[in-house]
Amino acid sequence: MASKLLKIGSLEAQSQIELSLRQAFELLEPQLRPPFPLTIPTPEEYLQLNWAILYGVLCEPHFAKIQIKYLHAIVTDGYCFFVSLLTTIVNELYFKLVESARIQLIWLVSEMIYVSAEGIDGVLVSLLRQIVGGDFSDGNLRLCFELVSLFLSKWNWLVEEGPLVLRSGLYTYLRVLADHCRFPGDSKLEALRRIEIEFCIRVLREQFHLCLKIGRDLIRLLQDLVHVPEFRAVWKDLVLNPGEFKTQGFEDVSQLYRERTSSRYFLLRITPEMESQLRFLLTHVKLGSQKRHQAWFMRKFLCGSERETLICDIVRFICCGHHPSNNIIQSDVMPRWAVIGWLLKSCRKSYVEANVKLALFYDWLFFDERIDNIMNIEPAMLLMVNSVPKYVDMTHTLLEFLLLLVDNYDIERKDIIVRGVASAFNMLVRRGVVGSIHVLTSCDALSPSLKEWLGRFLKAGVSKEVQPAHLPRPSVPSSILPSLTTSETETAVMGELIASKCATNDGVGTKAFDASVPISVEPVMSCSSLVVTSESLDDAIENWVQRLGETVRKSNTIDIRILEKILLSFANLDGHKVTGDFALSPQSLSSKIAKELELNGYKLFSPLESFPNNSNCDDEVHSATALIIRTFIFSQHERLQEMLLSWSKHGFPVGKCLLSYALRLAYEAHAAGYLGNVMVPDDSVKVNDLGMPLLVFHMDVYFSFLNGGRKDPPEADLSASKIDHQLVAKLVDGAFSAYRCFLMCSRNGLHKEADMTLARLLFSDLVSCSKWEKKMLRFSFCSIFCHLSDLSTGEEDIIKLLVALLDHANIVFMQFEIALKKFSIFGENTETIFYLIKNSLNWGFEEQHKVWGLIRSELAVSKVQVEKLILEIFCSGILDPNSASIAVDGLLMLCSSCMPTPELVGAIMLLPNNAFQDFSAAVLATWAVSNASMLFDSLANFLEKLDSKKGDFTLFSSTGIRINHSAISWLLNYFNTQGMKGNDILNKLSVNIPDMKSVLQL
C-alpha cells in the first residue's frame, strides 16, 4: 500500500514511526470525526489519540482544523507528548515527507505556537536544521520561506518565549543568506532574500542583547554579508558606533570576539542525518579504509555546484561540536585533522577554501584558555604538523593563511589577535598536543621567508601573550582576572629564587626577602640563566606561606600582600613555562595557609554574626578571608575553586562567607543608590562618607586590577555621582555568580553521593544569616530572589525561613517589591505553588498569614492561572475546616483582588460543595460590588459554554456538570433583589445542565 505520509523507494524498508502513526489512526479514526466523545480518555488512550491526530492532520488537510480542535479539548500535559512526536517526525522523517505533509507540518507548528505548547521551541530549532546550505531546490527554498515568514508573524512570541529560537534563526539565516545573495539576478530568490534580510536586520536592531549570546561567530557570518547594503550599515555601527544598538554594556566589537560560540549553533547548519554520518566517520572508520566512506559522503551531501559551501559549516562542527574521547584519540580511528584535510582538498572554489580555512582557525584568533577549549584549536595544529613532509603544501598554505589573518583580520585590534594566536600556540605545546613549535620553524620543506615570518611572530607574540587580556565583556566583573600579570608573577618568583638560591657569603642572601621591593627580571636572566622549575615554584610559594606565619607572630597582623602574592602566583601558574611535575596541589596549599594562620590565632572563614560598627576591624573588608573571597570573585580560577573546596571539606564555612560577602556588597550598593532604587548623593559626597566600607574596598581593588596593580592614593576618593551604576550592578552580579560557581563545584565535588541540590546548599548557607538585623535580613532575601532566582524561587525551605524570620512590617515591604515585579518568590508553576500551599497548612498561624500576604501580592500581578490553582486546591480534599481557615481566607482575598474573567468565574462556579461551600457565593458577591459588569459578562460566557458543552471542564458527575450550590443560590437572590426573575433567567441559560436544573427545582 502506498504511503500517504512518506516518499519511500521500492526497495526501502517501511518506517516504524509511520507504521505506528497509521495504525493508531486506523484504530481511532471514528473518534476523530464529529460528534466527539465526551468521555475522558485513559492515559493509554490519550497517547494513542495523539498519534492518530498527528497522522490525520499531516495526511488529511481537509480535516486538520477539526482534528486539532479535538486535540485542544483532550490535552492534559501541555501538549508535551504531541510536541515530542513532532520533534521525532522533523528529526527522522522530514526529508522523506511528501510535500503536502511538509506544508501541514508548518501549519501544525504555527498552531502549537498559538497555544504556547511545551517544547515547541525545540521543534522550531529542529526545523531550522533541515534547511540545507547551498541547496537551491524548490523544497529547501520553500522551507526557508515558510520558516522565516512564521518567525516574523510570531515575532512577539519569539521575543517573550523563544529567545533561543530567535538566536538560532538569526544564525541560520545569516548563513544561508550568504548563499542566496551570491545570485542577485535570480528572480526565484528575490522575495526570499528580501524577507530573510528583513528578519535578520530586525533581530540585530531590536534584540541585539540576544545576538551577543551567539558569540564570535556572529562576526564571521556578518562578514560574508558586508556587500549587502542593509548589513553594511549594521557592520558600520558595530565597528564605529556600537551605541546604536542600545544594549547595556556593549561598547566594542571585541566583546563579541571574547565570547566563545556554543556548539549548538554549529549543529544548526548540519542536518541530523549528516551529523550521524560524520560522527560515524569520526568514531568507527579506521584510517586507511576511509576512502569509500568519504566517496559516499561526498555523493550524498556535497554533490552539486553550490553544495561545497557546506564544508565550512562541517569544519566548524568538527572543530567545536565533536570532541572525541581519549580512547578514540589513541586508537587508529580516522582523526579529525585528517577529515578536515580531505574536506579542504575537496574545495574547488577559492572563496570556499578561504572560508573553510577561516572556520578552521577562527578560535585561534581570540583564544583565551580561561573560556576556550583546546580541542577547538587542536585539529588545525595537527593538520599542519602531520602534513609534513608528504603534504607540505598543506602546511605551507595553512600557516601562511594564519599569519595573514594575524596581520590583516582586524588591524585596529591586532594586539588582541596576536595575543590569542600566541596563547593558542603556547597552550598546544604546554598540553602536549605537539612537542614544540620546532617542527614548523625548522622544517626544511617550508620556504625560508615563511619560517622567518613565523619566527618573528613567535618572538613578538610571546611578549603580547604574557600581557593580561583585559577585553571588554558584557559581564565585566567575572571577565577581568584580578591577578598580577605574568611578568609581575615571574618577577616575584625570580626575586624569591634570588633570595633563597643566589645568596652570597657576605650574608646578604640570609636576610628576609622584602616582598615590597621590586626586583628586575633582566639581570637574573642574563647573569645566571636561571631555569624556573616546578621545584623552584614549590619552594617560592612555600617560603611565602612561612613568611605569612612569621609576620603574624611578629606583629599580630597579617601581611595581606604576601597572601595576595601566594594566591595570584598559584592561580597563574598556567602562564609559566615550568619543567617537571608541579607538586604543590591546591589541597596542600590551602592546608598550609590555614595551618600557618591558625597557629597564630587567626581562623579563616569565621562566619559574620552581625555587621561590625568599626570598619577597620571588619572581617569582610580587611581580612585574609576577604582577600581570598575577592580574588575568587574576580577570577573564579580552577585552582582557587579547588582551594575553596578543600577548605570547605575540612569544615570551614566557605559557602556561608561567600554568600555573606555577596549579600553585603549588594546591600551597600543598594543603600548608596547604585542599583536604581534611590537618587545618588551629589558630587561633594564621597563614597567613603556613605558608610559603605565593603563596597568602597571592593571597587578600589577592582580599579587597582584594571590599572595593572597600581593603586591610587587613598585621598583620591571617587565622588558618588561619578561611579558608573552599570559597573556597580555588574560587580554585584559577579559576586553572586562566584557564589553560584562555588555551589556547583561543591555539589559536584563534596556532595555528589548525598544527591544535594543547589537550592539545599543555598538554604544551608542562608540559615547562617538568620541573626542579622531585620532590615538587612529582608534585603538579603530580596537579593536571593533577584540574583539566585533559579535556586530560590518556589523553594519551600527558603520561603518557610523567610516567613519565620521576618516580621509583618518587613513582609509588607517585600509585598511592595513583589507588586513592582522586582522579583518572584513562588514562580509561575501551578503545581509548585499548589504543593507549597498544601504543605503550608501545617505551618504556624503567623507563618501562614505572612505567606498568604506574599502569595496574594505575587499572583495578582503574575501570569499564573489562578483558576486552575483554586480548582486544584478545592478539589484535592486538603481543606480541613479546622486547619485551612487561613488558606481559604487567603484564597478569598486573592479572588477579590483578581478580575472576574470567564475562566476564573467558571472555576468559582465549578467548585465542589465541601466544607467551604459558601466560598463561591462570597467571591461572586465581592465581584458584584467591585466589577458587576464584567462579572455577568463572564458568567454569561461561562453558562453559554456549559450549555453547548464546549468548555474545557474536568468536573463531571454521573448526570452532568456539577455547579456549586451556593453560587446558584446567590445568583437567584441577587437577580430577585434586582427586580428580575432569577429562575427564568437561569432556566434560559441552562436548558441542558441537569445539576443546575435540580437546584432550581428545589
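These legends walk through several close-up views of a predicted model. Local features are taken where pLDDT is at least 70 and side-chain atom pairs count only at pLDDT 80 or more, while totals for chains, interfaces and linings use all residues. Residues are numbered from 1 along each chain as its sequence is written, and side-chain values use heavy atoms, leaving out hydrogens and water.

**View 1. Helices α42 and α44 side by side.** Let's start with α42 (residues 808-819) and α44 (residues 845-859), whose axes come within 8 Å and cross at roughly 15 degrees. Helices here are DSSP runs (H or I, at least four residues), numbered from the N terminus. Axes are lines fitted to C-alpha atoms over the stretch in contact, and angles run from 0 to 180 degrees between N-to-C directions. The two helices are therefore roughly parallel to each other, a term for angles under 35 degrees.

**View 2. Who meets whom between α42 and α44.** From α42, His808, Ile811, Met814, Gln815 and Ile818 meet Glu846, Lys850, Gly853, Leu854, Ser857 and Glu858 of α44. Contact means heavy atoms within 4.5 Å. Sorted by class, this contact has four nonpolar, four polar and three charged residues. Ala, Val, Leu, Ile, Met, Phe, Trp, Tyr, Cys and Pro count as nonpolar, Asp, Glu, Lys and Arg as charged, and the others, Gly among them, as polar.

**View 3. Trp364 in the largest nonpolar core.** Such a core is a set of buried Ala, Val, Leu, Ile, Met, Phe, Trp, Tyr and Cys residues joined through side-chain atoms within 4.5 Å. Buried means under 20% relative accessible area, exposed over 50%, and partly exposed in between (1.4 Å probe, protein chains only). Of the 177 residues in this core, Tyr173, Phe231 and Trp364 touch the most other members. Not counting residues up to four places away in sequence, the residues touched by Trp364 include Ile377, Met384, Leu402 and Phe425.

**View 4. Two cis peptide bonds.** Look for the cis bond joining Pro34 and Pro35, with omega about -5 degrees. Pro35 sits in the loop between α1 (16-28) and α2 (43-59). Another cis bond runs from Val388 to Pro389, with omega near 0 degrees; Pro389 belongs to the loop between α22 (374-386) and α23 (392-408).

**View 5. Two lysines with positive phi.** Lys246 is not a glycine, yet its phi is positive, about 50 degrees. This lysine, Lys246, is in the loop between α13 (229-240) and α14 (254-258), and is exposed at a relative accessible area of 73%. Lys821 also has a positive phi, near 60 degrees, and is found in the loop between α42 and α43 (830-840). At 59% relative accessibility, Lys821 counts as exposed.

Terms used
Parallel < 35°, antiparallel > 145°, perpendicular 65-115°, else oblique.
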